[in-house]
Amino acid sequence: MKVSVDRELCYGSAECVHRAPAVFAFVDGFGVVRPGREETGDDPEILEAAEKCPSQAIRITASPDGPGEG
């Protein structure tokens, strides 16, 4: 799975950083995915961060090279 933050939607609550600090960081007033952490499994902290994001800016999608893709 791939995780990303839509900067158009993010308004900087930092809820993602609070819930999954190993994956998310707070940069220039916005939540971002830490470099090298874009690809992730079904980590419960990441799923919770996406669910609890007040702006719904966190996207979790299937990896382009995942099973059944391509």
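Predicted model: local features only at pLDDT ≥ 70, side-chain atom pairs only at ≥ 80, totals over all residues.
Read from the N terminus, the elements follow the order β-α-β-β-α-β. The radius of gyration of the protein chain is 12 Å, close to the 11 Å that the globule rule gives for 70 residues, so the chain is as compact as a globular protein of that length. Taken along the principal axes, the C-alpha atoms occupy a box of roughly 35 × 25 × 20 Å. Of the 70 residues in the chain, 30% are buried, and if we take the contacts between residues at least 6 apart in sequence, 58% of them join residues at least 24 apart.

Let me turn now to helix α2, which spans residues 44-52. Which residues of α2 are buried? They are I46, A49 and A50, and because they cover an arc of only 95 degrees around the axis, they sit on the same side of α2. On the other side of the helix, P44 and E51 are exposed. The cover over the buried residues includes β1 (2-5), α1, β2 (24-27) and β4 (58-61). At the N-terminal end, α2 is capped by D43, which places a side-chain oxygen 2.8 Å from the backbone nitrogen of E45.

Is T40 buried or exposed? With a relative accessible area of 13%, T40 is buried, because the cut-off for that class is under 20%. Leaving aside residues up to four places away in sequence, T40 touches M1, V3 and I46, and I46 is itself one of the buried residues of α2.

That brings me to the charged side chains. How many salt bridges does the structure hold? There are three, and I will take them in turn.

In the pair formed by E15 and R19, the N to O distance is 2.8 Å; these residues are four apart in helix α1, so about one helical turn separates them. E15 is partly exposed at 22% relative accessibility, and R19 is likewise partly exposed, with a relative accessible area of 23%.

R19 also forms a salt bridge with E48, where the closest N and O atoms are 2.6 Å apart. Because E48 lies in helix α2 while R19 lies in helix α1, this pair ties together parts that are 29 residues apart in sequence. E48 counts as partly exposed, at 34% relative accessibility. Taken together, E15, R19 and E48 are linked in a network of salt bridges.

The remaining pair is E51 with K52, whose side chains meet at 4.0 Å, N to O. Here E51 is exposed, with a relative accessible area of 58%, whereas K52 is partly exposed at 40%.

Note on methods: Residues numbered from 1 in each chain as written. Heavy atoms only, no water. Helix = DSSP H or I, 4+ residues; strand = E, 2+ residues; numbered from the N terminus. Buried < 20%, exposed > 50% of the residue type's maximum accessible area, 1.4 Å probe, protein only. Contact = heavy atoms within 4.5 Å. Arc of directions from axis to C-beta. Polar contact = N/O pair within 3.5 Å; in protein donor to acceptor, adjacent residues only side chain to side chain. Rg over C-alpha atoms; globule rule 2.2 N^0.38 Å.
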